[in-house]
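Here is a friendly walk through one protein model, with the cut-offs spelled out along the way. Please keep the viewer open as you read.

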Amino acid sequence: MKLVVAGTDTGIGKTVFAAGLACALKACYWKPVQAGLEGETDSAFAARMGAKVLPEAYRLNLPMSPHLAAAKDGVQIDADGLAVPDADPLVIETAGGVLTPLSDQRLFADLMRRLKLPVVLCARTSLGTINHSLLSLEALRARGVSVLGMAFIGEANVESEKSICDFGKVKRLGRLPWLDPLTAQSLAKAITENFDMQDFAS
Ligand SMILES: Nc1ncnc2c1ncn2[C@@H]1O[C@H](COP(=O)(O)OP(=O)(O)OP(=O)(O)O)[C@@H](O)[C@H]1O
Ligand SMILES: [Mg+2]
């Protein structure tokens, strides 16, 4: 089983969810494109949470949209040639949102279409999430990408989650609460308490 963890935006908690999911599924974690190498990278965080981490395909210096970060580093991301590692199970984390560019020709959503893997869409629960979530679902479905369901992140917001799942005709997989402290132990506990691993088993 391989799946993609995508999000409605950058900075919404994809890495925290993906790392926790990888640990719970005993899956490898893979971030194909890391833009920004200062501080703790997503892969380093996932490793700190206890996930088995595979090396990124592209490590770009600047914290920018991957197509721009690549240009600044003088490289081009070959989205059509990007090979998914053999590892199984595998959790793949995208960068940014679903229409984040990888190159001048390709968006992350184009890569997801080519990979033909189920996508978990992460969304925050705070104000604005209905619009971002429904737009992201439309963009994925317009490309024929199969959406496994929504993983919400943040404080409970039952009405917004319901609106997204009703309008978006999408399964609610669960909600990862805001964790303080955020440790390997608190993350593992929150993932198993709030998500059913059977949902990710297909
Ligand atoms: N459930 C949570 N509990 C506590 N802190 C969280 C949680 N989810 C996210 N955070 C914090 O919020 C910040 C952004 O989260 P994260 O790095 O997972 O976002 P992202 O969507 O992966 O961003 P990017 O697009 O850069 O990959 C981080 O500092 C992270 O530790
Ligand atoms: Mg991330």
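Once neighbours within four places in sequence are set aside, L60 is in contact with V33, Q34, A35, G36, L37, P66, A69, A70, D73, V75 and I77; contact here means heavy atoms within 4.5 Å. This is a predicted model, in which local features need pLDDT of at least 70 and side-chain atom pairs count only at pLDDT 80 or more, while totals for chains, interfaces and linings use all residues. Residues are numbered from 1 along each chain as its sequence is written, chains are lettered from A and ligands numbered from 1 in the order in which they are written, and side-chain values use heavy atoms, with hydrogens and water left out.

**The cores and helix α4**

L60 also belongs to the largest nonpolar core, which has 38 residues; L60, M112, L140 and M150 are those with the most contacts inside it. A nonpolar core is a set of buried Ala, Val, Leu, Ile, Met, Phe, Trp, Tyr and Cys residues joined through side-chain atoms within 4.5 Å. Buried means under 20% relative accessible area, exposed means over 50%, and partly exposed lies in between (1.4 Å probe, protein chains only). Helix α4 (residues 108-115) supplies the largest share of this core, four residues. Helices (H or I, at least four residues) and strands (E, at least two) are DSSP runs, numbered from the N terminus. A second, separate core holds 30 residues, including V5, A22, A151 and F195.

Why is α4 largely enclosed by the rest of the structure? Six of its eight residues are buried, so the helix is largely enclosed. The buried residues of α4 are F108, A109, D110, L111, M112 and L115, and they pack against β1 (2-7), α3 (66-73), β7 (119-124) and α5 (129-142). After α4 comes K116, with a positive phi near 55 degrees.

**The sheet**

Seven strands form an open sheet with parallel pairing, in the order β4-β2-β6-β1-β7-β8-β9. Two strands pair if DSSP finds at least two bridges between them. At the edges stand β4 (52-54) and β9 (172-176), each with a single partner strand, so one side of each is left without a neighbour in the sheet. Neighbouring strands are turned by 25 degrees against each other on average, direction ignored; axes are lines fitted to C-alpha atoms, for helices over the stretch in contact, and angles run from 0 to 180 degrees between N-to-C directions.

Two of the pairings can be followed residue by residue. Strand β2 (residues 28-30) and strand β6 (residues 90-93) pair in the parallel sense over three bridges, and C28 stands opposite L90 in β6. Strand β8 (residues 147-153) and β9 pair in the parallel sense over four bridges, with F152 opposite R175 in β9.

Distant parts of the chain are linked by the pair T15 in helix α1 (residues 14-25) and D42 in helix α2 (residues 42-48), 27 residues apart. T15 counts as buried at 12% relative accessibility, and D42 counts as buried at 18%.

**Polar contacts of side chains**

A polar contact is a pair of N or O atoms within 3.5 Å; within protein, one must be able to donate a hydrogen and the other to accept it, and residues adjacent in sequence count only if both atoms are side-chain atoms.

| Side chains | Distance |
|---|---|
| D166 and K162 | 2.5 Å |
| E56 and S43 | 3.1 Å |
| E56 and R59 | 3.2 Å |

E56 lies in the loop between β4 and β5 (58-60) and counts as buried at 14% relative accessibility. Beyond four places in sequence, E56 is in contact with W30, K31, P32, Q34, T41 and S43.

D166 has its place in helix α6 (residues 158-167) and is partly exposed, with a relative accessible area of 43%. S160 is also found in helix α6, but S160 is buried, with a relative accessible area of 14%. Not counting residues up to four places away in sequence, S160 touches T129 and I130.
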